[in-house]
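I opened the notebook to go through one chain. My entries follow the order in which I looked things up.

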Amino acid sequence: MATTKLKISLLFSLTIATCIMVNVSAQVVVGGGSGGGASWCVTRSDASFQALQTALDYACSAGADCSVLQPNGLCFLPNTIQAHASYAFNSFYQRKGRAPGSCDFSGTATIAQSDPSYGSCVYPSSAITAGGGTTPITTPPGMSNPNMAPPTMAAPLFGGDNPGMNTPFSDNNSRAPSKAIATWLLVFFSFLLIMTLIS
């Protein structure tokens, strides 16, 4: 009798653990456990000034809402190429409905799972919150960082007619280890559940 109660208790515990692991695994696979799968497009830390300037110019002319990057805009400060390019990249990415390849910008951008918003500068997290018109706005005046040399490249870094639409999500492998761990834990708990049922 005590053995049967122990088996039932163990079976119940393993069932709960398996359900939790299935949920965690599904969240990892679908798009991260926090924010309901929200993602943002930001600059890569190793991107050069010239590459970011070219990509920023493209994003602002191809549909990103760069109005908040104007001198009196909510996201003007800090007045750095990295901050401005991140906002423009994300605006473009969200307005394109997070389409594959819309966060590449010739290798200068990457997908982030945590919200890069700061202070009054709120990064949109979907096409709906990206809002605004589709009228292109050029790179904000006064954008150049006084501590950085101006870009010297005359030719665009992008290939083809669709800059920003190159290799999809080239730097988004950060979830791979979590996905593997969740899968192995799911297999382990499933094995324990099966062994309990057999014995």
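How much accessible surface does the chain have, and what share of it belongs to carbon and sulfur atoms? I get about 10,800 Å² for the chain, with 64% of that on carbon and sulfur atoms. Accessible areas come from the Shrake-Rupley method with a 1.4 Å probe, and for residues only the protein chains shown count as cover.

Ground rules. The model is predicted: I need pLDDT of at least 70 for local features and 80 or more for side-chain atom pairs, while totals for chains, interfaces and linings use all residues. Residues are numbered from 1 along each chain as its sequence is written, and side-chain values use heavy atoms, with hydrogens and water left out.

Confidence. I read pLDDT as the predictor's confidence in each residue, from 0 to 100. The mean over the chain is 72, and 56% of the residues score at least 70. A contact here is a pair of heavy atoms within 4.5 Å.

Fold. I list five helices and two strands, in the order α-β-α-α-β-α-α from the N terminus. These are DSSP runs numbered from the N terminus: H or I of at least four residues for helices, E of at least two for strands. Of contacts between residues at least 6 apart in sequence, 85% join residues at least 24 apart.

Burial. Of 199 residues, 36% count as buried. I use under 20% relative accessible area for buried, over 50% for exposed and partly exposed in between (1.4 Å probe, protein chains only).

Salt bridge. I searched the whole structure and found one; the criterion is a side-chain nitrogen of Lys or Arg within 4 Å of a carboxyl oxygen of Asp or Glu. R44 pairs with D46, with 2.7 Å between the closest N and O atoms. R44 is partly exposed because its relative accessible area is 21%; D46, at 54%, is exposed.

Surface patch. I noted a nonpolar patch of F191, I194, M195 and I198, together about 430 Å² of accessible area. Patch residues have over 30% relative accessible area and no salt bridge; nonpolar side chains (Val, Leu, Ile, Met, Phe, Trp, Tyr) are joined within 5 Å, like charges within 9 Å.
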